[in-house]
Amino acid sequence: MEESELYKKLGILTKDKDKWEDNIPYVSSLLAHDSVKIQAKALWLLGEMRLEYPLKVQDAVPAIVSFCDSEESLLRERAVNALGRIGRGNCCVIQPYWTDLFRFASDDEANVRLSFIWASENIATNTPDIYENIRNR
């Protein structure tokens, strides 16, 4: 399937929340796609799916985390965003990666730093006490 066609298909899926649960494995599989655009959309969509199905998305978390080391700032940004959304749905799912996320507060790219702030806000929405043990970094 061509990139533009696949991107359009993901856009339709984004709006059809009734199909999210069944499509989590499919969207997760797109993290291995060779297109940065498709990977970024899949990361974003997995983050969105988290509110409805945080425990079903948890299997994709290690793959999402792997994008945190990407040379592509868009993929780092989307990975951090997705982890923030997943953490808002269920903080325990991202807890093994929690302290590592703080390195993005000083990422070279402003969009990644902003995503870290936004992700932190998302996580703090339902789990503000997680910040109690964080020291100045």
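This section describes the packing of helices and the surroundings of selected residues in a predicted model. Residues are numbered from 1 along each chain as its sequence is written, and side-chain values use heavy atoms, with hydrogens and water left out. Because the model is predicted, local features need pLDDT of at least 70 and side-chain atom pairs count only at pLDDT 80 or more, whereas totals for chains, interfaces and linings use all residues.

Helices and strands are DSSP runs numbered from the N terminus, with helices (H or I) of at least four residues and strands (E) of at least two. Two packed helices are described by the angle between their axes and the distance between the axes. The axes are lines fitted to C-alpha atoms, for helices over the stretch in contact, and the angles run from 0 to 180 degrees between N-to-C directions. Angles under 35 degrees count as roughly parallel, those over 145 as roughly antiparallel, those from 65 to 115 as roughly perpendicular, and the rest as oblique. A crossing is left-handed if the near helix is turned anticlockwise from the far one by less than a right angle, and right-handed if clockwise. Contact means heavy atoms within 4.5 Å.

Helix H1 (residues 3-15) packs on H2 at an angle of about 150°, and the two axes are 11 Å apart. H1 is therefore roughly antiparallel to H2, and the crossing of H1 and H2 is left-handed. On the H1 side, the contact is formed by Leu6, Lys9, Leu10, Leu13 and Thr14, while H2 supplies Trp20, Asn23, Tyr26 and Val27. These residues of the contact of H1 with H2 comprise six nonpolar, two polar and one charged; here Ala, Val, Leu, Ile, Met, Phe, Trp, Tyr, Cys and Pro count as nonpolar, Asp, Glu, Lys and Arg as charged, and the others, Gly among them, as polar.

Helix H2 (residues 20-29) also packs on helix H3 (residues 36-49), where the axes come within 10 Å and cross at roughly 150°. H2 is thus roughly antiparallel to H3, and H2 passes H3 in a left-handed crossing. The contact involves Trp20, Asn23, Ile24, Val27 and Ser28 of H2 together with Ala42, Leu45, Leu46, Glu48 and Met49 of H3. Seven nonpolar residues, two polar and one charged make up the contact of H2 with H3.

H3 and H6 pack with their axes 7 Å apart, at an angle of about 10°. This makes H3 roughly parallel to H6, and the crossing of H3 and H6 is left-handed. H3 contributes Val36, Gln39, Ala40, Lys41, Leu43, Trp44, Leu46, Gly47 and Glu48 to the contact, and H6 contributes Leu74, Leu75, Arg78, Ala79, Ala82, Arg85 and Ile86. The contact of H3 with H6 divides into ten nonpolar residues, two polar and four charged.

Helix H6 (residues 73-89) has 17 residues and, at 1.5 Å a residue, should span 24 Å; the end C-alpha atoms of H6 are 24 Å apart, which agrees. The expected span is 1.5 Å times one less than the number of residues in the helix. H6 is mostly covered, with 13 of its 17 residues buried. Buried means under 20% relative accessible area, exposed over 50%, and partly exposed in between (1.4 Å probe, protein chains only).

Trp44 is located in helix H3 and is partly exposed, with a relative accessible area of 23%. Apart from neighbours within four places in sequence, Trp44 is in contact with Thr14, Arg78 and Arg85. Trp44 and Thr14 are 30 residues apart along the chain, and their C-alpha atoms are separated by 9.6 Å.

Leu55 lies in helix H4 (residues 54-57) and is exposed, at a relative accessible area of 51%. When residues up to four places away in sequence are not counted, Leu55 touches Asn90 and Val93. Val93 is 38 residues from Leu55 in sequence and 7.3 Å from it in space, C-alpha to C-alpha.

Two further residues belong to helix H8 (residues 110-126), one of them being Leu114. Leu114 is exposed, with a relative accessible area of 56%, and is 18 residues from Glu132 in sequence and 21 Å from it in space, C-alpha to C-alpha. Ala110 also lies in helix H8 and counts as partly exposed at 40% relative accessibility. Ala110 and Lys17 are 93 residues apart in sequence, and 31 Å separates them in space, C-alpha to C-alpha.
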